[in-house]
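Take a look at the model below.

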Amino acid sequence: MSDNKPSIFLSRRQFIFTGAAAIVAAWLGAWFQSRLFPPTTIAQATPVEIALADLPVGASKQVTYAGAPALVMRSQDGVLALSLVCTHLGCIVQWQPGNNQFYCPCHDGKYDAFGDVVSGPPPLPLERLTVKLAGDKIVVGESA
Ligand code: FES
């Protein structure tokens, strides 16, 4: 006795066609997403302006640049702006004035006051953002 009921499993042809259609759909989805929502790059980010009067020598100010937090510090030697995004896996580091270092709570990463790695897994120093003085303003992130 023969059973002519169709199989509930895909034939090899159906399996290949379904797989190919899924790959094409995923590729088209990624392409449309990249066209509709292009990622913000640092080159496209809007520079941040801080009045010199708002950042006296010895002070620091947290700003948001390119969608990420950064710390702008003014000393007698000048102004330094560091991204607060850990170079290990992207957690946000915290300034610890008592230890004079940046600390990443995710994996115990430590950076010195200039953003250089002291210990832990971070492979690179914190990113330094460009800083310019323009009249009575500090401009962070403007391309050189
Ligand atoms: S994400 Fe900062 S040490 Fe891992």
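V24, W27 and L28 form a nonpolar patch on the surface. Together they have about 310 Å² of accessible area. Keep in mind that this is a predicted model. V24 belongs to helix α1, which covers residues 12-36. With a relative accessible area of 48%, V24 falls between the cut-offs of 20% and 50%, so V24 counts as partly exposed.

Now go inside. In soluble globular proteins, nonpolar side chains tend to be buried together. Which residues make up the largest nonpolar core? There are twelve: A45, V48, I50, L55, V63, Y65, A70, V72, A81, L129, I138 and V140. Four strands each supply at least two residues of this core: β1 (48-51), β2 (60-65), β3 (68-75) and β11 (137-140). A second, separate core has eleven residues. Among them are L71, M73, L82 and F102.

Pick out I138, a member of the largest core. What does I138 contact, leaving aside neighbours within four places in sequence? Its partners are V48, E49, I50, L52, L55, V79, V131, K132 and L133. V48, I50 and L55 from that list also belong to the largest core.

Next, the cysteines. How many disulfides does a search of the whole structure find? The search finds one. The disulfide joins C91 to C106, with an S to S distance of 2.0 Å. The torsion about the S-S bond is about -100°, so this disulfide is left-handed. C91 and C106 lie 15 residues apart, and the bond links distant parts of the chain. C91 sits in the loop between β4 (78-83) and β5 (94-96). C106 sits in the loop between β6 (101-104) and β7 (109-112).

Are C86, C104 and C106 buried or partly exposed? The table gives the values.

| Residue | Relative accessible area | Class |
|---|---|---|
| C86 | 6% | buried |
| C104 | 2% | buried |
| C106 | 38% | partly exposed |

Buried means under 20% relative accessible area, so C86 at 6% and C104 at 2% both qualify. C106, at 38%, is partly exposed.

Finish with a glutamine. Q101 is found in strand β6. Is Q101 buried or exposed? Its relative accessibility is 12%, so Q101 counts as buried. Not counting residues up to four places away in sequence, Q101 touches Q94, W95, Q96, K110, Y111 and D112.

Terms used: Residues are numbered from 1 along each chain as its sequence is written. This is a predicted model: local features need pLDDT of at least 70, side-chain atom pairs count only at pLDDT 80 or more; totals for chains, interfaces and linings use all residues. Side-chain values use heavy atoms; hydrogens and water are left out. A nonpolar core is a set of buried Ala, Val, Leu, Ile, Met, Phe, Trp, Tyr and Cys residues joined through side-chain atoms within 4.5 Å. Buried means under 20% relative accessible area, exposed over 50%, partly exposed in between (1.4 Å probe, protein chains only). Contact means heavy atoms within 4.5 Å. A disulfide is a pair of cysteine sulfur atoms within 2.5 Å. Patches are made of residues with over 30% relative accessible area and no salt bridge: like charges are joined within 9 Å, nonpolar side chains (Val, Leu, Ile, Met, Phe, Trp, Tyr) within 5 Å. Accessible areas come from the Shrake-Rupley method with a 1.4 Å probe; for residues, only the protein chains shown count as cover. A salt bridge is a side-chain nitrogen of Lys or Arg within 4 Å of a carboxyl oxygen of Asp or Glu.
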